[in-house]
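Okay everyone, thanks for coming. Have the picture up on your screens while I talk, and stop me if a word is new.

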Amino acid sequence: MALLGALLLVAAVVLFILLPVARGQHASLTREDDEMTEAEARRRVTLLALRDVEYDYHTGKLDEADYMALRKELSAEALAALRAFEGEEGATDVDIEAEIAAVKAGLAAGTTCGACGHRNPDGSRFCAACGQALAAREATPSS
Amino acid sequence: MNVLGELALWIALPVSLWGMVLGFAGGRKQRGDLTLSAERSVYAVFFLTIIASLGVVDAFLNDRFEYWYVANYSSRNLATYFKVSGLWAGQRGSLLFWLLLLSLFATIAVWSNRRKNREFMPYVAGTLLTITSFFLVVLLFADVNPFETLGFTPADGAGLNPQLQNYWMTIHPPTLYLGFTAFTIPFAFAVAALLNGRLDSRWIVLTRKWTLLSWFFLANGIIFGMRWAYEELGWGGYWFWDPVENASLLPWLTATAFLHSIQIQENRGMLKVWNMGLVILTFLLTIFATFLTRSGLIESVHTFAQELKIAFIFLGFMASILMAGLVLVLYRLPKLKSENQIESFVSREAAFVFNNLILLGATFAVMWGTLLPLISEGFTGQEITVGPPFFNRVNLPIGLALLALMGIGPVIAWRRASKKNLKKNFLWPLVVGVVTAAGLWAAGARHGMALLTFGISAFVMAIIVVEFWKGTRARARIEGEGVVKAFYHLVARNRRRWGGYIVHVGVVFVFTAFAAAPWYGEFLQTLEPGETMTAESPLGHTYEMTYEGISTNIRDPDKNLQWQATALVSVRRDGEPLGTFTTEKRRYIRPEAQIVTEVGIKSFPMEDLYIILADADLDRILQGDAGGQAVTFNVLVKPLIAWIWAGGLIITLGSLISMWPSAGAVRAPTAARGRGTTGAEPLPAGD
């Protein structure tokens with residue numbers, strides 16, 4: 001009885017791990033569509049950095065001059081990241097071009113939220129997605 | 001069941017080796033079938049380890065003393081839950097238990113990634129199975145097989161060490177093991193990233209929760225161990241710089257460093273090599289901890305094993321991991337270049353780097369002190385041990401610097417901070433710190449280092465409170481929310497940051513409690529029944545202990561007792577009765593090696609009263625000799641002990657907040673993003 005159980009156990013385990021090789025069952029090895037690429041990750045990080053600077057400014061850790069300078073640098077970085085993102089994804093879909101252009105414009109105009117990346121209509125004072133204040137921002141040169 | 005259990009281990013080894021080879025091959029050759037087989041091997045090893053573990057538990061529950069392991073760690077009269085915990089009571093079982101937890105986590109990691117992050121998974125499976133293979137080799141070939149039989153069946157087992165028969169002892173080791181093994185997952189993803197060349201922050205983002213989980217279990221495991229020592233060892237201490245305590249502290253220190261430094265990589269693309277180094281080092285230290293605990297290399301109250309063969313196997317494995325890690329990092333060095341520079345030494349990045357250097361300094365100091373006896377014996381034949389004074393002296397400045405950084409770091413802006421703002425932000429917290437220290441000095445506390453610790457603690461608390469307040473106020477103003485709602489949203493929207501600050505509060509509590517050590521009082525007195533002794537606490541309370549008498553309980557096989565002598569003490573605090581407390585000496589039937597002291601503890605928010613039955617003429621007491629009932633009590637008054645446990649709870653709360661799955665982590669369906677119409681996907685709640 002014990003011997004039978006042991007044999008069954010061995011057989012089951014061996015079958016379980018050998019079947020994929022024997023029958024050619026495959027696991028995927030490629031990135032799925034909804035996973036972040038390196039460029040996308042960088043884009044999010046630059047947006048996060050913008051949000052951090054915002055937070056540091058509002059809680060008095062950065063003074064105005066530093067804040068404006070950093071914002072300018074970061075916006076430039078964010079735009080570079082967006083371009084890279086565009087380069088990676090842009091060829092596949094025409095709409096993305098427009099999308100990214102809009103995000104760029106939004107960043108430049110201060111309507112794209114630094115906290116969550118949501119693009120708000122012109123003239124918005126608060127982010128519609130997360131509630132972050134947008135109004136205090138002044139237009140920064142886009143690059 | 002037992003035979004099947006051992007068989008399962010023998011099947012698991014080839015399965016694990018097979019999966020290891022196929023995992024790496026699948027990644028290298030980009031073969032999906034090999035990868036699938038490797039991933040299934042992970043599940044199979046987990047399944048087989050469950051069978052083996054059930055085999056051991058079954059042997060314990062059914063008193064199968066023909067097994068060496070059961071005979072040495074159990075006895076017929078042992079309580080059932082201690083029999084179950086026999087799985088991790090000794091070296092052999094705990095190695096199997098380690099494998100069980102590791103394969104459980106490996107299964108969760110592989111299963112939850114079966115449809116995503118596929119570029120990492122062949123190598124993740126290969127790495128995880130390398131480690132399970134190692135533990136299987138140890139279990140089967142290093143003379144530590146838990147299923148080894150004696151060749152005869154003793155009538156009863158030797159019993160479990162009575163000091164391990166304690167509630168905290170049943171949960172302390174598993175908690176630590178959960179922490180040790182959980183860290184294998186970040187390590188496996190790091191190795192996978194090195195192998196597949198995707199060296200951005202992806203592997204860190206994917207394993208952040210695992211790192212937090214591991215840290216959480218390690219922190220709790222360490223605190224449970226302190227609690228056990230305090231309640232059970234009977235000398236009123238909670239930390240003795242014992243090699244095994246140190247071994248659990250080491251990976252916690254480096255994991256703490258890692259948790260902080262990955263934030264710089266995520267935010268600024270810096271410190272990539274450093275993080276790889278830390279993840280490999282932390283993993284090695286988790287293995288090192290098991291090695292120290294369970295190889296018998298260094299004398300320690302925790303060690304019950306003496307075999308050296310296993311020590312060499314462990315050393316060989318750690319050396320191989322270290323070499324492989326170094327080679328991989330060197331190979332990928334060009335891709336691990338920093339994307340940014342630290343712009344200023346007065347920036348949050350710089351504060352994180354200091355934090356890391358200090359934590360590593362502590363790691364090496366503790367490691368040095370732990371290994372010195374071994375090294376000195378190896379080279380000179382003379383064993384040199386360093387005691388708690390060494391560790392305390394070395395770690396005190398390190399701890400103070402860390403404590404201060406917990407206050408400084410959060411207030412400094414990313415990238416660069418201006419002097420004017422620093423002054424503005426630090427002024428009031430500094431005032432709070434200085435006033436606290438000065439106030440305590442005025443109240444009569446005259447201990448420089450302790451006052452410094454209290455002052456810095458107050459400074460850090462002030463900073464954290466102000467951080468929460470400013471954040472809440474900003475949010476309330478922007479959103480027009482009430483303070484409570486704004487506070488809730490503030491924390492909920494960026495759990496990692498604010499959860500981290502809450503953890504800091506817990507750490508401040510623990511450090512403050514440590515700094516109260518100079519005020520621990522000790523009162524030793526021999527009393528006849530009816531006599532009273534007094535103890536003065538540094539906080540001005542007077543305790544009066546009246547020895548009411550001693551009762552005995554002789555030959556109680558149901559409780560595994562040869563005898564038990566219980567002294568009854570009624571206590572009054574400032575004249576108010578607190579009730580009666582007991583402290584006792586016991587000797588168990590199995591094992592009968594030592595006499596155990598049980599202490600009476602009364603805990604207040606500000607101090608603990610700790611009553612030890614220090615000495616008694618046990619022969620006369622056990623014979624019921626009415627003239628020989630005098631006993632010596634050692635009464636300890638220890639301020640702020642409760643703050644350690646409170647700090648532990650706060651640390652738990654903070655890490656749970658940090659770990660809690662956030663809405664931001666749930667990814668929107670494919671259709672709504674990427675091809676996106678709004679770009680409104682939530683960003684991770686990073687910091």
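Some ground rules. This is a predicted model, where local features need pLDDT of at least 70, side-chain atom pairs count only at pLDDT 80 or more, and totals for chains, interfaces and linings use all residues. Residues are numbered from 1 along each chain as its sequence is written, chains are lettered from A and ligands numbered from 1 in the order in which they are written, and side-chain values use heavy atoms, with hydrogens and water left out.

Let's start with chain A. It has 4 helices and 0 strands, and from the N terminus its elements read α-α-α-α. Helices (H or I, at least four residues) and strands (E, at least two) are DSSP runs, numbered from the N terminus. Of the 143 residues in chain A, 49% are buried. Buried means under 20% relative accessible area, exposed means over 50%, and partly exposed is in between, with a 1.4 Å probe and protein chains only. Now contacts, which means heavy atoms within 4.5 Å. Among the chain A contacts between residues at least 6 apart in sequence, 39% join residues at least 24 apart.

Next, the holes. Rolling a probe the size of a water molecule over the atoms shows where empty space is left. A cavity is a set of points, on a 1 Å grid over the protein atoms alone, where a 1.4 Å probe fits but cannot get out; lining residues have an atom within 4 Å of a point. Points are joined across faces, edges and corners, and the volume is the space filled by probe spheres set on them. How many cavities of 30 Å³ or more turn up in the whole structure? The search finds 6.

Helix 2 (38-58) of chain A and helix 10 (243-268) of chain B each supply at least two lining residues, and helix 2 of chain A gives the most, with 5.

Over to chain B and its open sheet. Its 5 strands come in the order 2-3-4-5-6, with antiparallel pairing. The edges are strand 2 (532-536) and strand 6 (595-598), each pairing on one side only. Two strands pair if DSSP finds at least two bridges between them. Strand 5 (residues 576-588) and strand 6 of chain B run antiparallel and are joined by 4 bridges. For B:R587, the bridge partner in strand 6 is B:I595.

Now some helices of chain B. In helix 17 (residues 483-493), the residues B:A486, B:H489, B:L490, B:V491 and B:A492 are buried. The buried residues of helix 17 pack against helix 16 (448-479), helix 18 and helix 20 (641-659) of chain B.

Helix 18 (residues 495-514) is where you'll find B:R497. Why does B:R497 count as buried? Because its relative accessibility is 4%. Its C-alpha atom is 9.4 Å from that of B:P410, 87 residues away along the chain.

Last one: B:P518, in the loop between helix 18 and strand 1 (521-527) of chain B. B:P518 is partly exposed, at 38% relative accessible area. Leaving aside neighbours within four places in sequence, B:P518 is in contact with B:H447 and B:A450.

That's my tour, so over to you.

Note on methods. On a 1 Å grid over the protein atoms alone, a cavity is a set of points where a 1.4 Å probe fits but cannot get out, and a pocket is an open set with protein on both sides within 12 Å along at least five of seven lines; lining residues have an atom within 4 Å of a point.
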